[in-house]
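Trainee: I would like to learn how to read a few features from a structure. Could we take them one at a time?

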Amino acid sequence: MSRLTEGITRSRVWRSFFRHGWPDDELNRSLIMTTNIYFHLHPVKVNRQSIKATYSWGLGILATILFIILGITGTLLMFYYVPSTEQAYQNIVDLQTKVSYGQLIRNFHRWSAQGMVLIVVLHMMRVFYTGAYKPPREFNWIVGVVLLLLTLGASFTGYLLPWDQLSYWAITVGTNVAGYAPVVGPDMRMMLLGGFEVGQAALTRFYALHIIVIPGALLLLISLHLWRVRKDGGLAAQNKIDDSLDIRGD
């Protein structure tokens, strides 16, 4: 048994996941600390004020958690939903009345989507209030604005998928309003609907945008956003050098 355990723990697969042994000596204890993912999420120096819960209210983390919940619940919903004008509405009714925990999963998805819109807006307000849009964080501010627009786009495209009267007329009004945008309005409306009215082409396009295009762009930009937070020196309070805390030292 001991030879089997030793063979597993010395295998390349095991070592690719665990690059240190048990913390029974100074070397392994040091490796556990230096390879901790928490220290890779923060810059070398952090400001004492920025790590207070009341400074950021964890709004960025909450938005990321809601995005993960939306990904999980959305994947589960895809097992039952068919993007067809003949089946979409009945799929939603069956999901809520015949599928175990279907109503719960759909409500999780719907409330998480609305919560993410609210949290992202509050996050942008907090960043603006604390001046975190100023150099050297202006690029990350632009990324955040794009993330807000994508979040609104994900919410808008998901609205049509139940294919009931409320979603049909909401998308009809929304795309008509978009059609009045200068220069690109009519072309943008035609691109979204795939025709002159809301129908099968529009449902297919909204479904593709909702489950592939927008979530993929959100995932890439959220990764870039988090990476830039670290590269730009953490939160905006980092600018107050005198109050900084060096996480490398005591």
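Trainee: Is Tyr 133 buried, partly exposed or exposed?

Mentor: This is a predicted model. The relative accessible area of Tyr 133 is 27%. Buried means under 20% and exposed means over 50%, so Tyr 133 counts as partly exposed.

Trainee: How do I describe the pairing of its ring with another?

Mentor: A pair of aromatic rings is described by the distance of the centres and the angle of the planes. For Phe 128 and Tyr 133, the ring centres are 5.1 Å apart and the planes are at 15 degrees. Planes under 30 degrees apart count as stacked, so this pair is stacked.

Trainee: Phe 128 also pairs with Trp 141; what are the distance and the angle there?

Mentor: The centres of Phe 128 and Trp 141 are 6.4 Å apart and the planes are at 40 degrees, so that pair is tilted. Phe 128 belongs to helix H8 and Trp 141 to helix H9, so the pair ties together parts 13 residues apart in sequence. Trp 141 is partly exposed, at a relative accessible area of 24%. Together, Phe 128, Tyr 133 and Trp 141 form one aromatic cluster.

Trainee: Now the helices. What end-to-end span should helix H12 have, given its 32 residues?

Mentor: H12 covers residues 200-231, and at 1.5 Å a residue it should span 46 Å. Its end C-alpha atoms are 45 Å apart, which agrees. H12 also bends, by about 45 degrees at Leu 209. After H12 comes Gly 233, with a positive phi near 95 degrees.

Trainee: How do I read which residues of a helix point the same way?

Mentor: An α-helix has 3.6 residues a turn, so residues three or four places apart point the same way. The buried residues of H12 include Leu 203, Phe 206, His 210, Ile 214, Leu 218 and Ile 222. The helices that the buried residues of H12 pack against are H6, H7, H8, H9, H10 and H11.

Trainee: At what angle do H11 and H12 cross?

Mentor: Their axes come within 7 Å and cross at roughly 90 degrees. H11 and H12 are therefore roughly perpendicular to each other. On the H11 side the contact is made by Met 190, Met 191, Leu 192 and Leu 193. H12 contributes Ala 201, Ala 202, Arg 205, Phe 206 and Leu 209.

Trainee: And how many helices and strands does the chain have?

Mentor: The chain has 12 helices and two strands. Of its 250 residues, 32% are buried.

Note on methods. Residues are numbered from 1 along each chain as its sequence is written. This is a predicted model: local features need pLDDT of at least 70, side-chain atom pairs count only at pLDDT 80 or more; totals for chains, interfaces and linings use all residues. Side-chain values use heavy atoms; hydrogens and water are left out. Helices (H or I, at least four residues) and strands (E, at least two) are DSSP runs, numbered from the N terminus. The expected span of a helix is 1.5 Å times one less than its number of residues. The bend at a residue is the angle between axes fitted to the seven residues ending there and the seven starting there. Buried means under 20% relative accessible area, exposed over 50%, partly exposed in between (1.4 Å probe, protein chains only). Contact means heavy atoms within 4.5 Å. Rings of Phe, Tyr and Trp (its six-membered ring) pair if their centres lie within 6.5 Å; planes under 30 degrees apart count as stacked, over 60 as edge-to-face and the rest as tilted. Axes are lines fitted to C-alpha atoms, for helices over the stretch in contact, and angles run from 0 to 180 degrees between N-to-C directions. Angles under 35 degrees count as roughly parallel, over 145 as roughly antiparallel, 65 to 115 as roughly perpendicular and the rest as oblique.
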